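Good morning, and thank you for the time on today's agenda. I would ask you to keep the sequence and the structure in view while I speak.

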Amino acid sequence: MLGWSTAPGASGGLSLRELPEPAPLPHEALVRVEAFAPNPGDLEGLAASPAGAVPGWDGSGVVLAPAADGHGPEAGERVLFLGLAGGWAQRRAVPHTMTATAPADAPWERLAVLPVPATSALRALRRLGSVLGRRVLVVGATSAVGSMAVQLAARSGARVIAIARDHAQHEALRQLGASEVHTTLATVTSRVHGAIDMIGGEHLVDAYALLQPGGTVIALGHAAGADEIFRYGAFVADPTTADRSITSFFLGSEPDLDSEMGYLAALPDLEVGEIEVRPWTELATWIDAGAPRRSGRVVFRVDQSASPPL
Ligand SMILES: NC(=O)c1ccc[n+]([C@@H]2O[C@H](COP(=O)([O-])OP(=O)(O)OC[C@H]3O[C@@H](n4cnc5c(N)ncnc54)[C@H](OP(=O)(O)O)[C@@H]3O)[C@@H](O)[C@H]2O)c1
């Protein structure tokens, strides 16, 4: 089969070449990959990958062979999936706990943009407990994860305060369910039950300062690439600041994502934003050019014709 593998010195650090067929473990299904949408984590991980590794976390496709342990989707089912590597190829092995059956009418491109961002947002939101009637801050609300978090928090009954540096995106965030939209955290005047932060740096410091007693910040992303410096007093507790916390998680080691991915894929009104579709042969040059996107996500459609599926 054909697939992209890491090749130091090549365009985008990748080369499209003939690869061995995946050898699924007993808990893994063999999947024909139809589409994938690189995530920031995919791109950041490229430099650290050993030469010859096949990157790619998530995507959409068809089960060619179900997991040998008898769990998960059957052969022929349309699925969306998530696994730590191997996705930028015509076929891949993926754990059944990270593979969900997709609605029959959902386009491959829509399914491909859901697994990492939408399940990250859902897991983050669940860590805040019940948000019904509570204030939830989403920092980096225009990001793929952030726009999902805004929508899921709003449909969970939260009053969503969205932070997005691009003012032109504020009205769209209100349409997704945000009650307040701010360019920076500095103008948020009331404290919040919880926060989901995709940006890090000063944003994380400021989000923590906005927590009510008992509140939690989920430090989910670090898009700013900046240090977090907490000034003296940030962790001094009094009745108005006690029991606040910052926590994080790594989606790739979260168990049992299949039911959540299936739930999210079946939400017809979950807005996934603009999708720009490209042939997968353009992946390396796209990465070489800095992974540009107008807005929304870039989805690569996999051409199966060069090497027929099993
Ligand atoms: N912990 C996990 O398991 C997990 C899972 C998924 C994602 N993540 C992380 O979560 C983060 C977001 O992922 P994503 O896919 O949603 O990213 P994305 O769609 O690429 O969006 C990145 C966002 O960061 C904003 N941004 C970048 N630099 C900034 C800065 N200096 N100041 C303020 N905003 C800045 C961008 O704003 P503009 O739109 O204005 O440019 C955009 O909203 C990433 O760090 C990713 O690695 C972690």
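I begin with strand β15, residues 297-301: four of its five residues are buried, so the strand is largely enclosed by the rest of the structure. Please bear in mind throughout that this is a predicted model.

Which strands pair with β15? On one side of the account is strand β14, residues 275-279, which runs parallel to β15 and is joined to it by five bridges. Within that pairing, Arg278 has Phe300 of β15 as its bridge partner. Strand β3, residues 28-36, is also joined to β15, in this case by two bridges and in an antiparallel arrangement. There, Ala35 stands opposite Arg301 of β15.

I now turn to the charged side chains. The count for the model comes to 15 salt bridges, and I shall discuss three of them individually.

Is Glu34 buried or exposed? With a relative accessible area of 8%, Glu34 is buried, because the cut-off for that class is under 20%.

The next pair is Arg123 and Glu260, which form a salt bridge with their closest N and O atoms 2.8 Å apart. Arg123 belongs to helix α3, residues 115-127, and Glu260 to helix α7, residues 258-265, so this pair ties together parts that are 137 residues apart in sequence. Both partners fall in the buried class: Arg123 has 11% relative accessibility, and Glu260 has 6%.

Glu260 also meets the side chain of Arg126 in a salt bridge, at 2.9 Å from N to O. Here again distant parts of the chain are linked, with Arg126 in helix α3 and Glu260 in helix α7, 134 residues apart. Arg126, however, counts as exposed, at 51% relative accessibility, because that class begins over 50%.

Thank you for your attention.

Conventions
Residues are numbered from 1 along each chain as its sequence is written. This is a predicted model: local features need pLDDT of at least 70, side-chain atom pairs count only at pLDDT 80 or more; totals for chains, interfaces and linings use all residues. Side-chain values use heavy atoms; hydrogens and water are left out. Buried means under 20% relative accessible area, exposed over 50%, partly exposed in between (1.4 Å probe, protein chains only). Two strands pair if DSSP finds at least two bridges between them. A salt bridge is a side-chain nitrogen of Lys or Arg within 4 Å of a carboxyl oxygen of Asp or Glu.
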